[in-house]
Amino acid sequence: MRDRSFAPSRILIYLAVSLVAAAWLAPLVVVVLNSLRSNEEIAQASMIGWPRQWAWSNYAAAWSGFCVAETCAGIRPYMLNSALVTIPATIFSTMLGAIAGYAVSLWRFRGDNWIYGIVTLGLFLPQQMRLLPWTIVLRDIGLINTLTGLVLIHTIQGLSFTTLFCRNYYVAIPHELIRAARIDGAGFFRIFWRIILPLSGPILIVTVIWQFTHIWNEFLYGVTFTTGQQQPVTAALIALSAAVADIPQHGVQSAAVIIAALPTLLIYLLGGKYFVRGLTAGAVK
Amino acid sequence: MTDAVLTRPGRSAATELVRRLPEYLLIWVPLLLSAAHLVSFALWTIWISFTPSTLVPVAGWVGLRNYTAVTASRNWQIAFDNLLLFGSAFVLLSAATGLILAILLDQRIRGENLLRSIFLYPLAVSFVVTGTVWSWLLNPGLGIQKLVHDLGWTSFKFDWLIDRDMAIWTIVIAAIWQSSGFAMALFLAGLRSVDADIIKAAQIDGAGPVRIYRRIILPSLWPITVTVVVIQLQFAISTFDLVRALTNGGPGIATQLPALVVYDLMFQRSLLGRGAAAAVLMLLILLTVLLPYAAWRYVQRRRAAHA
Amino acid sequence: MAALSIRALSKRYANLEVLKGIDLDIESGEFTVLVGPSGCGKSTLLNMVAGLDRPSAGTIEIGGRIVNDVAPKDRDIAMVFQSYALYPSMTVRQNITFGMECRHVPKAEQEKAVANVAKLLQIEPLLGRKPAQLSGGQRQRVAMGRALVRNPLLFLFDEPLSNLDAKLRVEMRMEIKRLHQRIGATIVYVTHDQIEAMTMATRIAVMHQGSVQQFADPDTVYRYPANLFVARFMGSPPMNTMPARLEAASDGAVVVIGAGRPDEVRLRLRGYDAAASFVGREVVFGIRPECIAEASRTFSSDAPVRVDAPVELVEPTGAETMVLLRLGGEPAMARISPDIRPAPGTTAAFALDTRRICLFDPETERLIA
């Protein structure tokens, strides 16, 4: 069945996968091409077409030119917002998740299974169940409409995933290693720092990639808890679509979409293997 | 033996506590915060759903009134019907697409890695981006229909995006594009984990490729299929960003989904009690999927433990 | 002074009593082996000595100090694990110095200690390597090095050889024994392998179902097993045991196997005074395979007892021939000369060494004599 002969059936297989692949790539290609066509050219023809003139200026306009509501600073401030939320929240949730995963997998303490079970329920509880409470909590601690507030949310909610990932990785580490280190006189942190962390490379990459992608792409919290200049880029993109509804600027919008998608696409290209591992690890929860 | 590695003999309780305070703080504070926020937030939202809260949360008890108000509204009824249609169509089609792609990729074809990357890349992109891009492609005045018209076939019609009856299918299309790759990745892992000796044995028994797939490989995939279906359903139930960017619930309220209803009630109409009730209803819908799945997983594990 | 004293130690997990009141006194310089089948509690016992697990009741004393509430690192012990538990991200040198690092031993002293241990174990060329680059035997040495460098009051070994292949296991067995003889350390060694126990121990504690069945030197354990469990656990193949009857005779007693059968076997006992009270009662008769041999064998100056017995199975091993035969209808293994190969299905003559017979009480399963 799995031979490399070029029978007609194999040509069919190649034809089928090529067609699907083309269909899967088409939206990306269309947007990339559009980002290089002028707004007028798109308005005259369709969204789908080859650029007659390379309109590189779309990117400059998208980055720092176009206007959303009253401000005309392009997508740049919102990209910065997303980075300022995503990077700290990724680092915090990964670090705390690694320590928590280490604690629940390799050290037993009273109630650990309960706590761990509840934390993993966070994977299932819909965001909608947490919107109102977060609104109130953020307002009470003065973090509503701040990036810090979003960092806090994503750190705490990210713990469900990061703890699960790390715990599932650490349970495979033999307990004898911990016993040996304890007889050697190492404590909780020294064991983590000197023995567990050096073994954690793969799982930390998976966790960081997963958290980064998720937080960067998150929309609901961004649009609910921030407004105007504080919004992350996903919320800004929606605001942009609404703002330009009267006079469409599809060339610039396409460039903005590409810029907004670029960080996670780059991460996918560079760490595809770990990205997929995160996907499947999240699935087998 | 148990795996109780942390049963340290205690010294004086106080010095022990001080010495280990940093580790307690770092383990317990994040875990407790995470667990506590989940429990308290869920309970609080459930509580609010039984109160007459509108603009601000207020105490009080209105019984199921918020629930009956939500379920009686046209907005929710359409959202619920849409969820049934969207959920089943999307889950079936994306699982089928994923399975077919996985079987095709399993034929030892050249360029498998490249193809796999192509089918998976939409997962790295936000739903906002996906929705925006597909709103352009499916816009009859801008996208595919316009292109075909410009090419000369002017009677061609592909205007689902503005067709009340068909608009929900545009969300199905975009969602399939976004997440079939996920199903493919899981199915491919399942296909690859079939014991090679079993396949050799079947070949010696004289089974052809089609029969081997039908009788041996595909039957072994059904636990993965259940997982794929449950995860995709979970995604379907909480779909928000994609619709927001693609149709924003329109035309009219034709592509309304529960998550949009919740947002609308909570933050646009400031009907917190009803919004909370709608959120709890979403959770209940989710539980009708997750609880049987959890029970199934439990039985599977018990059986595996006994074997 | 006892290096290790264990008093009335017990451990329960929920409803399961894993250890039931263990008492052991281990002298300084002794090589004690805790041996028993899996689940007998030997590893739990070792972990409690190490401080990795808390006893439910009882005390543990190391070097005259009660250590129940002392952390593992302060108990003056070192441990070698079954999986070796080498820290994968550290070099061999770092693995050995990690404990000293934790105890803030000065660098110069660490260097000296590593050099000594590396020389002793001949692992100098390996010091810069990571555990993944070592063979099983080398890892075993490094694990021992990590323990030795500590120079503790007590060495604990938890099945350290069971991950090695058979040949290496024999080599390392001898090496550990040699090491013990050289440095005179006090060792508590856990294994399920009774050959390891017999070959290395100065004293063996045979454990079963959470209690110590017998604690004695290897010869005593082998020659006078305290009960049927020990008799059947120690020795390979184990002691033959079978129901029998003790009858009175003119100058002592006679063991009758298969009483009333045409092929009943009657063995006259000498010097088994303790069995006097069992005359006229059922007993369990035990005899080691090497005490049944070909008819021409003379075990000592005494003339051995000769019996004819049907041969069922013959297993030549090269060094000897194992024969499954029937004594009074009961199956028994015999260890005979390698040149002799009786044909299965025939009846052959065998010599029995009746001075090394064991008798057990069928009720209590304890050794009578």
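Trainee: Where does UniProt place the feature "transmembrane region" in chain B?
Mentor: This is a predicted model, and the placement comes from a UniProt record, an unreviewed entry. That record gives the feature "transmembrane region" for chain B at residues 25-47, 83-106, 118-137, 166-191, 212-237 and 275-296.

Trainee: How far apart are the end C-alpha atoms of residues 166-191 of chain B?
Mentor: Residues 166-191 of chain B are one of the spans in that UniProt entry. In the model this span is 96% helix and 0% strand. Its end C-alpha atoms are separated by 35 Å.

Trainee: And what is the helix content of residues 275-296 of chain B?
Mentor: From end to end, the C-alpha atoms of this span lie 32 Å apart.

Trainee: Which element gives the largest share of the side of chain B that touches chain A?
Mentor: The contact draws 73 residues from chain B and 72 residues from chain A. On the side of chain B, 16 residues belong to the element with the largest share. That element is helix α2 (residues 21-48) of chain B.

Trainee: Are α13(A) and α6(B) roughly parallel or roughly antiparallel?
Mentor: Helix α13 (residues 250-270) of chain A and helix α6 (residues 127-137) of chain B have axes that come within 10 Å and cross at roughly 150°. Angles over 145 degrees count as roughly antiparallel. The crossing angle therefore makes α13(A) and α6(B) roughly antiparallel.

Trainee: Is the crossing of α13(A) and α6(B) left-handed or right-handed, and which residues make the contact?
Mentor: The crossing of α13(A) and α6(B) is left-handed. From α13(A), the contact uses His250(A), Val257(A), Ala260(A) and Ala261(A), and from α6(B) it uses Val129(B), Thr132(B), Val133(B) and Trp136(B). By class, the residues in the contact of α13(A) with α6(B) are six nonpolar, two polar and no charged.

Trainee: What is the angle between helix α6 of chain A and helix α14 of chain B?
Mentor: Two packed helices are described by the angle between their axes and the distance between the axes. For helix α6 (residues 128-140) of chain A and helix α14 (residues 272-306) of chain B, the axes are 8 Å apart and the angle is about 145°.

Trainee: Which residues make the contact of α6(A) with α14(B)?
Mentor: By class, the contact of α6(A) with α14(B) has seven nonpolar, one polar and no charged residues. On the side of α14(B) stand Leu272(B), Ala276(B), Ala279(B), Met282(B) and Leu283(B), and on the side of α6(A) stand Gln128(A), Met129(A) and Leu132(A).

Trainee: How many helices and strands does chain A have?
Mentor: The C-alpha trace of chain A spans about 75 × 65 × 30 Å along its principal axes. UniProt, in an unreviewed entry, places "transmembrane region" in chain A at residues 12-33, 83-107, 114-131, 151-170, 191-212 and 255-276. Residues 12-33 of chain A are 100% helix, while residues 114-131 of chain A are 67% helix. The secondary structure of chain A comes to 14 helices and zero strands.

Trainee: Turning to chain C, are α2(C) and α3(C) antiparallel or oblique to each other?
Mentor: The axes of helix α2 (residues 92-102) of chain C and helix α3 (residues 107-121) of chain C come within 10 Å, crossing at roughly 130°. The crossing of α2(C) and α3(C) is right-handed. With that angle, α2(C) and α3(C) are therefore oblique.

Trainee: Which element of chain B has the lowest mean pLDDT?
Mentor: Chain B has a mean pLDDT of 88, with 96% of its residues at 70 or more. Over residues 1-11 of chain B, the pLDDT is below 50. Among the elements of chain B, the highest mean, 94, goes to helix α4 (residues 74-105) of chain B, and the lowest, 75, to helix α1 (residues 13-19) of chain B.

Conventions:
Residues numbered from 1 in each chain as written. Chains lettered and ligands numbered in written order. Predicted model: local features only at pLDDT ≥ 70, side-chain atom pairs only at ≥ 80, totals over all residues. UniProt positions renumbered as here; feature names shortened; annotations may be inferred. Helix = DSSP H or I, 4+ residues; strand = E, 2+ residues; numbered from the N terminus. Contact = placed C-beta atoms within 7 Å. Axes fitted to C-alpha atoms, helices over the stretch in contact; angles between N-to-C directions. Parallel < 35°, antiparallel > 145°, perpendicular 65-115°, else oblique. Left-handed = near helix turned anticlockwise from the far one by under 90°. Nonpolar A, V, L, I, M, F, W, Y, C, P; charged D, E, K, R; others polar. pLDDT = per-residue confidence, 0-100.
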